Amino acid sequence: MRPLIAGNWKMNGLGAEGLALASAVRKGLGEGGQGVEVLLCPPFTLIERVARAVAGSPIAVGGQDCHPKASGAHTGDVSAPMLKDAGATWVILGHSERRADHGETDALVRAKVEAALAAGLTPIVCVGETLAERDAGRAEAVVEAQLAGSLPEGFAAAKGVVAYEPVWAIGTGRTPSDADIGAMHAAIRALLATRFGEAGKAVRILYGGSVKAANAKPILAVPEVGGALVGGASLQAEEFLAIIAAARVAVA
Ligand code: PGA
């Protein structure tokens, strides 16, 4: 399976710097992804411009959220068909910052995933435990419940992606040990295989949380890690390109 390296720009980037970043990633990547799938998820306001800037390159563009409905009286929200219309082919859903800042529940995330699939977008569904949950020995149980509640039927067949992002590792510079990442990814794989059968065995499982050039290689070499969801380090082209290069080594 080709690894996926996805950049989550979060609420960062005005026009000039966002386009400079997208262009630098495009230039650094060259003609082909060389075995790695690359995705940029800028804020809504830049999706159309970034999509234009990377058109014809191997780089895909995604949103960071969508509403469960296709249209309607929902001031300030953006729907999955709108993302698609702007040039996105992917969408990140259920990120822990959305779950925390906007009270998103598993049921809401699931409805959003269904909307994304209906619009023809590939969803990346984020799950992960807090530090208190890990310390209490509940990390796997929390992730299991999030997966059960957030993934609709048909998720695996539609090639949806799961991202394991321990909340305490996001933006903190801390990462779990490779053994802990491996244990959680193996647990997620087993759950996906039980629920979705053969298709569940092929779901890509990303790791996210303080991935940077310096730690990408060992993390991407952990069994069942199918790529990375990168926040802070995706805002610097050199860093992000180095993570992509590490993914190439991991598949070579
Ligand atoms: P980080 O964010 O790489 O800055 O830790 C990852 C994410 O939130 O997707």
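This short report walks through a predicted model, starting with its barrel and ending with its ligand.

## The barrel

Let's begin with the strands. Eight of them, E1 to E8, form a closed barrel. Follow the order E1-E2-E3-E4-E5-E6-E7-E8 around the barrel, and you will see that the pairing is parallel. From one strand to the next, the twist averages 25°.

## A look at E6 and E7

E6 covers residues 161–164 and E7 covers residues 205–208. The two run in the parallel sense and are joined over 3 bridges. To find one of these links, look for Tyr164, whose bridge partner in E7 is Tyr207.

## Around the ligand

Which residues are closest to the ligand? They are Lys10, His95, Glu165, Gly171 and Ser210, out of 13 residues that surround the ligand. This shell divides into 4 nonpolar, 7 polar and 2 charged residues.

In Lys10, an N or O atom of the side chain is 2.7 Å from an oxygen atom of the ligand. His95 has a polar side-chain atom 2.6 Å from a ligand oxygen, and for a polar side-chain atom of Glu165 the distance to an oxygen atom of the ligand is 2.7 Å. On its own, the ligand has 280 Å² of accessible area, and the protein covers 95% of that.

Note on methods. Residues numbered from 1 in each chain as written. Predicted model: local features only at pLDDT ≥ 70, side-chain atom pairs only at ≥ 80, totals over all residues. Heavy atoms only, no water. Near = heavy atom within 4 Å. Polar contact = N/O pair within 3.5 Å; in protein donor to acceptor, adjacent residues only side chain to side chain. Areas by Shrake-Rupley, 256 points an atom, 1.4 Å probe, with all protein chains shown as cover. Nonpolar A, V, L, I, M, F, W, Y, C, P; charged D, E, K, R; others polar. Pairing = 2+ DSSP bridges. Helix = DSSP H or I, 4+ residues; strand = E, 2+ residues; numbered from the N terminus. Axes fitted to C-alpha atoms, helices over the stretch in contact; angles between N-to-C directions.
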